[in-house]
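Below are my notes on the model, as numbered points. Please read them with the structure open.

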Amino acid sequence: MAGDVWVFAEYQAGKIRKTSLEVLSKGRELAEQLGSGLGVLLLGSGVDGLAQELTAYADTVYYGDNPLLEKYNNDVYYQIIAALAEKEKPHILLAGATFLARDLFPRLAGRLKTGIAVDCLSLEMGDDGSLIARRPLFGGKVLADVVCREGRPQIALVRPNTFSLPDVQSPAQGKVLPLDVTVDTSQVKLEVLDVTRMAKERLDLTEAEIIVTGGRGMKGAENFQLLDDLADVLGATVGATRGVVDNGWRTHDDQVGKSGKTVSPKLYFAVGLSGAIHHVMGMNTSKVVVAINKDPQAPIFQYADYGVLGDLFEIVPLLTETLKKEI
Ligand SMILES: Cc1cc2nc3c(=O)[nH]c(=O)nc-3n(C[C@H](O)[C@H](O)[C@H](O)COP(=O)(O)OP(=O)(O)OC[C@H]3O[C@@H](n4cnc5c(N)ncnc54)[C@H](O)[C@@H]3O)c2cc1C
């Protein structure tokens, strides 16, 4: 309905992504403040079950279920959302700041002639109904409050792990509205041939609540086993600095920082990494940082809540063994 708050939901491995649920929780809060409804958008193929699941969180579930939507294609997705938004006129459109959303929504904002705030750390309603989106600038040195004065919907992408998970309505009260998926194929210039997912047992870095990141101090790919062992005990995901990725010890998918992923876990272990600004930019909203480094001058200690000065090859195995007994 016109004036509603909308959330774009993503799914992975048959489950709604945690970041989308977090954004739904904030979306509900904003909708209550506005006195409006909460809508959720779901696009994919074979997503009936997920659409039903979302009725426990939103008032209206708009969903497009079509083989055309099976693999994400910007040319297709943006047409469908733009047409729906032009018809229904939502006031606010939110999504998690995932790779997909960062690709999709700037183009959508251009088409709808509205503004977009990316990588937001908080969202508040202004008295005049404008959305105040707080986002970092200059590598997190400044936090800016951004308002979209003209153009609707106001679009904001939220950094994963920023908001808590929503309450589940029981019984679910939302209604499901299947979309008529019509696409102007003359506008589809991109063909997605294949999507290759990395086989991963652990949560993606952007959604992990605990991250253990290793730097060049790890000395070699084989020593990352120490961090894998620690991560196993903690239920954590392993990250890497660019120095490590450049050395070919881990893949770019594991990289945290300016040219890697932006993460915001509850607990971040920085092991054998110096804390260069390009790295810190990707992790400085972690709630608690533990640094392990043998150089007392290492910049990472400036960002750490707990600093352990010493040789990681002694400390990490000791920590893993101790935690095994405690957890
Ligand atoms: C445009 C641009 C983008 C970039 N993007 C990124 C990015 O996304 N992510 C990123 O990480 N970097 C990025 N960088 C690179 C960044 O500037 C640093 O070069 C990089 O982060 C350094 O990696 P490091 O901390 O692993 O290595 P180093 O700076 O070499 O630090 C290694 C640390 O290990 C410690 N150490 C060594 N041995 C031990 C031991 N036995 N026990 C304990 N501690 C030990 C040392 O004291 C040292 O502090 C970028 C650079 C540029 C120019």
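1. The ligand shell comes first. The ligand is surrounded by 28 residues, of which Gly215, Gly217, Arg242, Gly243 and Gly257 are the closest. A residue is counted as near a molecule or strand if its C-beta atom, placed from the backbone, lies within 6 Å of it. This is a predicted model: local features need pLDDT of at least 70 and side-chain atom pairs count only at pLDDT 80 or more, whereas totals for chains, interfaces and linings use all residues. Residue numbers start from 1 along each chain as its sequence is written.

2. Which elements supply at least two residues of the shell around the ligand? They are α6 (242-246), α7 (277-280), β16 (288-293) and α9 (312-326). With 3 residues, α6 gives the most to this shell. Helices (H or I, at least four residues) and strands (E, at least two) are DSSP runs, numbered from the N terminus.

3. Sorted by class, the ligand shell holds 14 polar, 8 nonpolar and 6 charged residues. Here Ala, Val, Leu, Ile, Met, Phe, Trp, Tyr, Cys and Pro count as nonpolar, Asp, Glu, Lys and Arg as charged, and the others, Gly among them, as polar.

4. The protein is divided into domain 1 (5-187) and domain 2 (205-326), with bounds that come from an automatic or database domain assignment. The centres of the two domains, taken over C-alpha atoms, are separated by 32 Å. Domain 1 and domain 2 each put 11 residues into the contact, where two residues are in contact if their C-beta atoms, placed from the backbone, lie within 7 Å. On the domain 1 side that touches domain 2, the classes are 6 polar, 3 charged and 2 nonpolar residues.

5. Is strand β13 (residues 210-214) enclosed or open? It is largely enclosed by the rest of the structure, because 4 of its 5 residues are buried. A residue is buried if 20 or more other C-beta atoms lie within 10 Å of its own, exposed if 12 or fewer, and partly exposed in between, with C-beta atoms placed from the backbone.

6. β13 pairs in the parallel sense with strand β15 (residues 267-271) over 5 bridges; two strands pair if DSSP finds at least two bridges between them. Gly214 has Val271 of β15 as its bridge partner. β13 also pairs in the parallel sense with strand β14 (residues 237-240), over 4 bridges, and there Val212 stands opposite Val238. From β13 the chain crosses through helix α5 (residues 224-234) to β14 in a right-handed β-α-β crossover. Right-handed means that, with the strands pointing away from the viewer, the path from the first strand over the helix to the second runs clockwise.

7. One joins Arg152 and Pro153, with omega of about 5°; Pro153 sits in the loop between β10 (142-146) and β11 (154-158). Another joins Ser170 and Pro171, with omega of about 0°, and Pro171 lies in the loop between β11 and β12 (175-178).

8. Backbone angles are the last item. Ala13 is not a glycine, yet has a positive phi of about 50°. Ala13 lies in the loop between β2 (11-12) and β3 (15-16) and counts as exposed because it has 7 C-beta neighbours inside 10 Å. Asp119, also not a glycine, has a positive phi of about 65°. Asp119 lies in strand β7 (residues 116-120) and has 19 C-beta neighbours inside 10 Å, so it counts as partly exposed.
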